[in-house]
Amino acid sequence: MDFPTQSSPYLPVANNLSRLMTQVMLGLIPGALAMFWFFGWGVLFNLTIATLSAVTAEAAMLTARRRPVKATLLDGSAVLTGLLLGLALPPLAPWWMPVLGAGFAIVFAKQLYGGLGYNPFNPAMVGFVVLIISFPLQMTLWPPPLGMHTGATLGFVDTLQMVFGGTVPAGTGLDSLTMATPLDAAKTQLGLDYTWSEILARPLFGHVGGYGWEWINLAYLLGGLWLWRKRAIHWQIPGGMLSALFVVALLFYIADSDAFGSPLLHLFSGATMLGAFFIATDPVSAATTPRGRFYYGAGIGTLMYVIRTWGGYPEGLAFAVLLMNMAAPTIDYYTQPRVFGHEEQ
Amino acid sequence: MLTATLALGILSALFGLLLGYSAIRFKVEGDPIVEQIDALLPQTQCGQCGFPGCRPYAEAIAAGEADINQCPPGGDSGIQALAELLGVDPKPLNAEHGVPQEKRVAVIDEQTCIGCTLCIQACPVDAIVGAAKQMHTVVAEECTGCDLCVPPCPVDCITMVPVKQDIVTWKWPYPESDTRPIVIARQA
Amino acid sequence: MRRLMVSILEQPLKIPGGLSLASNKAQSLREPLRQAPIPERLIVPLSQHIGEAAEALVGVGDKVLKGQVIARSLNYISAPVHAPTSGTVTDIGEYPVPHPSGLKGVCIVIHADGHDTSAATGLAMDNVFAADAADIRQRVREAGIVGLGGAGFPTAVKLNPGPQRQVELLVINAAECEPYISCDEALICCCTQDVIDGVRIMQHALGATQVVIGIEDNMPRAIECLRDGLARAGSHDIRIVPVPTTYPAGGEKQLIYALTGEEVPSQGLPADLGIVCHNVGTAAAIARALLRGEPLISRVVTVTGAGVRNPCNLEVRIGTPMAEIIEAAGGYTDQVSRLLMGGPMMGISMPSDRVPVIKTTNCLLIASREEAPPPLPASACIRCGQCTDVCPARLLPQQLYWHAHAREFDKIQDYSLFDCIECGCCAQVCPCHIPLVQYYRFAKTEIWDQERQRQKADLARQRHEFRLERLEKEKKALEERRAHARKGLEKRPKAGDADAKKAEIAAALERVKAKKASQDAAARNIDQLTPEQQARIAEVDARRSGDGTAGR
């Protein structure tokens with residue numbers, strides 16, 4: 001009797017890419033729900049538009065590059081890029097923003113480099129950076145979180161009209177419909193020589209990290225811990241990133257608590273948890289050695305603090321991630337583990 | 001203005017010194033280039049490149065008198081290695097000099113051999129043993145498969161036989177493509 | 001002599017990386033070990049392990065007895081081959097052998113006569129524990145014993161740590177970490193005494209002060225058998241340490257680490273740490289050879305998988321075609337899809353069941369499509385690092401893959417390719433289904449091949465340069481001779497000088513005479529021969545003058 005041959009091992013492999021991507025998507029659910037709760041329908045529009053655009057762009061590029069379309073789309077990586085970008089954009093952003101961002105992310109940051117596995121930069125963050133550099137005004141279109149409304153609240157139809165038609169409901173204006181995010185507001189106020197204690201007294205700042213935002217971050221944290229439990233991500237990147245952010249923030253906070261925000265504020269505001277567990281952990285563009293991952297995460301945490309505190313933008317996650325993407329190969333080179341039976345270098 | 005000029009001047013002087021120092025301190029002592037080229041050549045000594053042996057070809061490459069794509073036994077990987085060493089672009093093998101062939105070894109039909117010693121004189125690596133009017137034979141381990149012994153033989157008793165792959169020399173194949181692991185050799 | 005300190009840890013360590021795999025050993029352990037029938041035709045390969053192939057000592061048509069040496073080892077790292085049963089050699093030629101290439105190797109084919117008559121091997125020793133270590137090693141070598149756990153390294157070599165090394169610890173590897181394989185467990189349960197005797201002999205030969213049997217903690221029956229056996233033998237100094245069940249805890253380096261916390265140096269040997277590691281099966285084989293005079297002509301093989309009717313453990317004669325063993329285990333079921341020699345993680349897939357069992361065949365896994373599905377399509381590496389997590393050698397598998405993929409054989413060695421033990425953990429967890437192990441094997445064989453080519457090129461260069469030098473020298477010598485001759489010509493007397501000419505002729509005659517005399521003198525050397533010798537010379541002369549090829 002004759003048999004087919006191949007190289008070992010032979011056992012069935014349970015792991016696959018779409019499973020991994022699906023796990024990450026499931027992990028996003030608590031955070032996404034929290035965002036939907038606080039910011040309304042715009043969040044869902046962003047997610048839908050960004051995901052559809054990402055998938056369309058991916059399909060188009062795969063066709064152009066004569067690669068298998070269906071099999072590649074099923075790995076879920078394009079969907080995930082779309083979701084991550086959608087979650088990072090302001091909920092009232094006009095429809096073409098997620099389209100442009102997701103399209104740029106897939107076409108330029110991913111497929112032109114050779115597709116999944118070959119992109120040196122995190123595609124979602126490239127899309128985000130393109131948008132924030134090109135359209136800074138539209139990137140501030142955050143509605144007030146639920147319970148903070150000063151004017152009218154936007155329903156499904158109102159949001160739809162605003163996102164797709166650019167029209168605001170009668171009797172309201174953009175100013176009454178949007179509100180600066182806590183990090184943005186703090187930056188402005190600090191520029192006006194307010195101290196942190198004065199700033200934090202405003203209701204917008206909630207308990208520790210900004211009204212609503214602290215709950216969103218907590219939800220992302222839960223999803224992230226679940227991911228770690230499922231072994232879909234390693235602890236080193238979020239661990240490194242959060243501890244670096246905490247430590248750096250703590251040092252400056254101790255030095256001058258009026259000029260610098262508290263470590264908890266940094267951990268639970270903005271995109272900290274989304275970034276730590278879902279964006280920085282994108283394996284393709286991150287460092288891969290066990291120690292390297294920690295340093296990579298720590299680099300992101302530190303840069304994020306620097307950009308938040310001294311940079312021109314209120315949130316520094318995207319830039320921090322892209323900068324550390326550049327450093328990843330070098331980090332990997334210098335953090336190779338000691339091979340079994342080798343002397344410590 | 002003056003300060004800026006001065007500062008720039010001092011800086012450039014400093015960097016110049018640093019560069020000069022490192023050029024001396026970290027100087028790389030290399031083998032003479034001919035040795036390095038020769039080390040990359042397959043040492044078949046077949047002369048297909050148009051030079052009488054591998055070393056003359058290496059010397060010619062070093063002197064810029066020959067191109068890197070004249071060695072069929074070295075094949076594409078040989079050209080690649082030479083291109084890397086010399087920092088030039090690899091190019092396809094020049095077909096004028098022949099085409100790469102699988103590894104072969106000369107075999108003398110001992111019934112036909114008349115013991116003329118012509119092949120012994122032609123062999124560049126002295127891999128043929130025998131004496132006048134005695135039967136000759138090829139030491140297979142030392143034969144480079146250069147073909148040079150074939151033309152002089154007056155009775156055409158030398159054949160070039162492909163080297164048979166055995167279990168010791170067998171190599172795992174490169175996984176066929178990213179999308180499908182190779183199914184390796186099947187028994188006939 | 002360097003004094004080394006190794007100690008067995010109270011609590012064995014968990015190895016780095018590794019996987020928890022379903023053990024699947026119970027199927028084949030349902031019934032006790034039994035003998036497989038001796039087939040009519042046995043195919044015995046001359047090369048059954050790493051090291052040099054043996055050289056056949058028998059010819060076609062020769063009658064052989066069971067246990068008779070049929071091929072001898074020519075090399076230090078080599079082992080002789082014995083006839084697995086009595087019968088007639090019917091062929092010596094190339095047959096398919098168990099090797100990933102599917103290529104053929106030289107085999108001796110024996111037709112069994114059915115009597116299974118033993119030859120006197122002279123391997124048994126009267127008092128083995130009083131014997132000299134060198135003597136024991138010699139007998140182990142003559143018995144053709146190789147490591148029965150893995151690559152089949154000749155055991156006698158491993159019993160000789162060299163004069164510079166003191167062996168403190170003998171580790172007996174009973175940690176059968178690969179799923180499905182249960183031959184060691186079956187052997188321990190059925191031949192406990194042989195195992196213990198073998199361990200004792202090895203301890204004696206090595207002069208090891210401590211002995212530890214490393215066994216996986218999911219083999220309670222085997223542990224119990226060993227405990228009972230050791231208690232009966234009064235061998236309380238031999239320790240049994242159950243190690244946590246993790247694949248590949250049974251790897252030599254991994255087991256030593258788990259038991260002692262010591263890492264065998266890369267490119268080094270356990271003996272560098274004062275440790276020697278042998279498989280339990282090898283121990284039993286040594287006991288059988290040195291106590292009962294049986295060379296290595298059979299071994300325990302696990303026959304298992306959903307593709308075979310009655311999974312079991314069989315004692316099989318070396319050279320039995322795999323098809324016969326599968327027949328002995330009830331034959332194929334209709335689920336059969338693949339035939340593996342070894343386990344599902346490191347086994348070799350066999351192109352056909354006509355290949356014979358060799359000394360290193362520990363398991364035949366006749367797998368169904370569910371147990372060993374066809375490989376899934378691979379996609380590009382996403383550098384997720386799951387391979388790094390499970391690598392027991394703490395390598396960076398994705399980095400190795402990257403360079404193997406790009407055929408960068410220098411760079412891949414910077415990432416310690418040759419520390420890879422090919423355990424397959426990385427490929428098992430890869431979400432992209434990249435055939436990682438094949439990439440590493442490809443790179444390894446490619447690097448070895450390059451090394452061979454380089455050595456060959458060096459030899460060719462050397463010989464070519466020598467030849468050029470020789471030709472140069474010959475040319476010079478010729479020129480010198482010519483110059484000399486010209487000079488002589490000038491000195492020669494002019495034509496017409498009759499006296500001078502005469503003198504010259506006389507001198508030439510003198511030279512001829514002298515030559516003849518010296519030839520006669522040479523001939524005298526074979527004077528005074530016995531008639532027998534003269535007859536032989538005449539015979540040789542006759543042959544020489546006959547067909548020139550007759551002597552071949």
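**Entry: a helix pair in chain A.** I listed who meets whom between H1(A) and H11(A): Gln23(A), Val24(A), Gly27(A) and Phe38(A) are among the residues on the H1(A) side, and Trp215(A), Ile216(A), Tyr220(A) and Leu227(A) are among those on the H11(A) side. Contact here means that the C-beta atoms of two residues, placed from the backbone, lie within 7 Å. By class, this contact has 15 nonpolar, five polar and no charged residues. Ala, Val, Leu, Ile, Met, Phe, Trp, Tyr, Cys and Pro count as nonpolar, Asp, Glu, Lys and Arg as charged, and the others, Gly among them, as polar.

At what angle do H1(A) and H11(A) pack? I read about 170 degrees, with the axes 8 Å apart, for H1 (residues 17–39) and H11 (residues 213–229) of chain A. The two helices are therefore roughly antiparallel to each other, a label for angles over 145 degrees. Axes are lines fitted to C-alpha atoms, for helices over the stretch in contact, and angles run from 0 to 180 degrees between N-to-C directions. Helices (H or I, at least four residues) and strands (E, at least two) are DSSP runs, numbered from the N terminus.

**Entry: ground rules.** This is a predicted model, in which local features need pLDDT of at least 70 and side-chain atom pairs count only at pLDDT 80 or more, while totals for chains, interfaces and linings use all residues. Residues are numbered from 1 along each chain as its sequence is written, and chains are lettered from A and ligands numbered from 1 in the order in which they are written.

**Entry: a sheet in chain C.** I found an open sheet of four strands with parallel pairing, in the order E11-E10-E9-E12; strands pair if DSSP finds at least two bridges between them. E11 (238–243) and E12 (275–279) of chain C each have a single partner strand, so one side of each is left without a neighbour in the sheet. The twist averages 25 degrees from one strand to the next. E9(C) pairs with E12(C) over five bridges, and Leu170(C) stands opposite Val276(C). Helix H4(C) packs on the sheet, touching E9, E10, E11 and E12 of chain C. Helix H5(C) lies across E9, E10 and E11 of chain C, at about 170 degrees to E11(C).

**Entry: chain C against chain A.** How many residues does each chain give to the contact? I noted 54 from chain C and 35 from chain A. The side of chain C divides into 31 nonpolar, 14 polar and nine charged residues.

Technical notes: Angles under 35 degrees count as roughly parallel, over 145 as roughly antiparallel, 65 to 115 as roughly perpendicular and the rest as oblique.
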